[in-house]
Amino acid sequence: MKKSATAAFATVTLAAAMAVGAIAPATAAVTETTSIEKIQGTGAASGMVGQQVTVRAVVTGAYAEGGIRGFYVQSAGSGSEVSAEGSSGIFVYSPSGVAKVAVGDHVQVTGTVGEYFGLTQISASASDIEVLTEPADAVKPLAIDIPSADNERERFESMLVDPQGEWTVADNYSLNQFGEMTLAEGTSEILPGERTLRQATDAFAPGSAQAQALEAENERRALVLDDGATLNFLGARSNKSVPLPYLSAGHRVSVGAQATFTSPVIMDYRYDLWRMQPQGQVVGSEDADIPAAFAQIKPEGPADVGGNVTVGSFNVLNYFTTTGDQLSGCTYYTDREGQPVTVRGGCDARGAANGESLERQQAKIVSALNTFDADVLVLEEIENSARFGLERDEALATLVDALNQAAGKQQWKFVPSPESVPADEDVIRTAMIYKGAAVKPIDESVILDDAAFDNARDPLAQAFQAVGGNSKSRFLVLANHFKSKGSDPKDGSENADKGDGAGAWNAARVEQAEALVDFAEGLKKERNTNKVLLAGDFNAYSAEEPIQVLAEAGYVDLGAAADTRSYLFAGRTGSLDHILGSPEVAQQVTGETIWNINATESVAYEYSRYNYNVAQLFSPDQFRSSDHDPVLVGLQLDK
């Protein structure tokens, strides 16, 4: 617990009795021990900080490598219940002595009690640690439903526990860097059946009491499962030579997957968070110290959405065929050997550093798109090749060629840029590709050139008609990529982050939503159809104002019925990616799905993390081909 204790350290010497011609035999020093429970106490910090103590206990966790530099001990025979005096476990900080002990050893430790950023510990040198030969009663893992309140967790800080209840992987982003993941306990009481930690503004209006209550519940349900180390795997080169914990190319730890504890863990407090530590450092995906099993979620393809035409949205994560090495001034993110992998800055390119890296990126995107059963597919974050003195559609054409080559047939086509394009566009753009056997484009595409999108990507519109159908099967698709939530201006304006969960630039996104509605209304008349689909990355969660603007205009969020979300940020799941339909097309929807292959997977699988770690996790498959999950809807259109 966050407390400390004084140790009564006393040495008793026997007086030497002198007799004529004889010397009394010497006696060994007797050491008085202090119970761990007394040291820990029941408060937030030990009452014995700064005092020297001696404890006898059983080692429950030891970490000679990886940065923790110490071990946990617990009172012999304890664990079946929590003592009224305090926790029965404590951490021993001993960089020089940890190699002397192993889990299960009965030890005597003498050292000084301290509080280290909230964790009670004993600091001891190697000479003050003795492995005892006398037997000790085994420690029993405390079977408990982990409470959410700090003071309740304090009562078993540093103890060996057997977590009860149901657990779900809620966040795996930090597995790639710090070897830790967040688990969610049970299900939400506010959103019945919700196993992950839902982004509050995906369900409730920003700043509302409901949103605040959901976020408070999220915090109560979350608990970190660590790897028994403090390594930054993106830091020193030596750290990158240690295989990432829990992950391998064939074994993933996916958000939404069930986690089942297979061995006990130690309740720990580090870096301002409660954590569950394994009993030893986890190295790789098959280490004996891994304390949990994770259900393997392997969606080979999106769920069937029915209909005779399918429409999807896919963010291709800065797909640039103009690589960094073709430009001057680029800086790079590099692998563990110092080789460039992706562009960091200094130039207009945003994707792969070179041709080899682009091949890896393209392989994952092609695998995903050719498995994603869409007849019309909106793309975001693709290179605007005009910014590099090329035809605007150069990168788009390259991607389509790669898709067709992998498919072994000419099934994909791209929607050409219109004759009129905005004068000043971003380096990334929206685009559309389609399957010529299913649909055909009607008239030229149109780009919305409106001041509302000066800080975002301009929407692209294209009318389609089912092959073999008449005007009754005609529909409009508008591709979108609204202003992101980042880069807070912090200027007190309407676009500054107000702390209500909507992020920065909300006012800009609202203005973009209003302009999009007007754009769609005009196109309905020009393209002779009321069936309109607004698709893409709106950078707004489902309950936020930009999506509500579209809803008030009559558009229905067609992915809202899907049981999954498209994005993960800061351990919260939500949908920034949407397909909204006008009432006329919404009634013809046969199904909807979000294909969880990207946001739910560790960033360690991205092409951008190739050779970052000695464990090579890259595969030319669909997993982590982007950071957003694609959305798909099925339509039954009259022919």
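Q: Let's start with C330 and C347: are they buried or exposed?
A: This is a predicted model, and in it C330 and C347 are both buried.

Q: How many disulfides does the count come to?
A: The general idea is to look for cysteine sulfur atoms within 2.5 Å of each other. By that rule you get one disulfide here. The bond runs between C330 and C347, with the S to S distance at 2.0 Å.

Q: What do I read from the torsion about the S-S bond of C330 and C347?
A: You read its handedness. The torsion is about 105° here, so the C330 and C347 disulfide is right-handed.

Q: Which parts does the pair tie together?
A: C330 sits in the loop between β18 (309-319) and β19 (331-334), while C347 is in the loop between β20 (340-345) and α6 (355-371), so the link ties together parts that are 17 residues apart in sequence.

Q: Moving to the backbone, what is phi of S158?
A: It's near 70°, a positive value, and the residue isn't a glycine. You'll find S158 in the loop between α2 (150-154) and β10 (160-163).

Q: Is S158 buried or exposed?
A: Compare its relative accessible area with the cut-off: under 20% means buried. S158 has 0% relative accessibility, so it counts as buried.

Q: Where is R624, and what is its phi?
A: Look in the loop between β32 (589-594) and β33 (631-635). Phi of R624 is near 60°, again positive in a residue other than glycine. With a relative accessible area of 7%, R624 is buried.

How values were computed:
Residues are numbered from 1 along each chain as its sequence is written. This is a predicted model: local features need pLDDT of at least 70, side-chain atom pairs count only at pLDDT 80 or more; totals for chains, interfaces and linings use all residues. Side-chain values use heavy atoms; hydrogens and water are left out. Helices (H or I, at least four residues) and strands (E, at least two) are DSSP runs, numbered from the N terminus. Buried means under 20% relative accessible area, exposed over 50%, partly exposed in between (1.4 Å probe, protein chains only).
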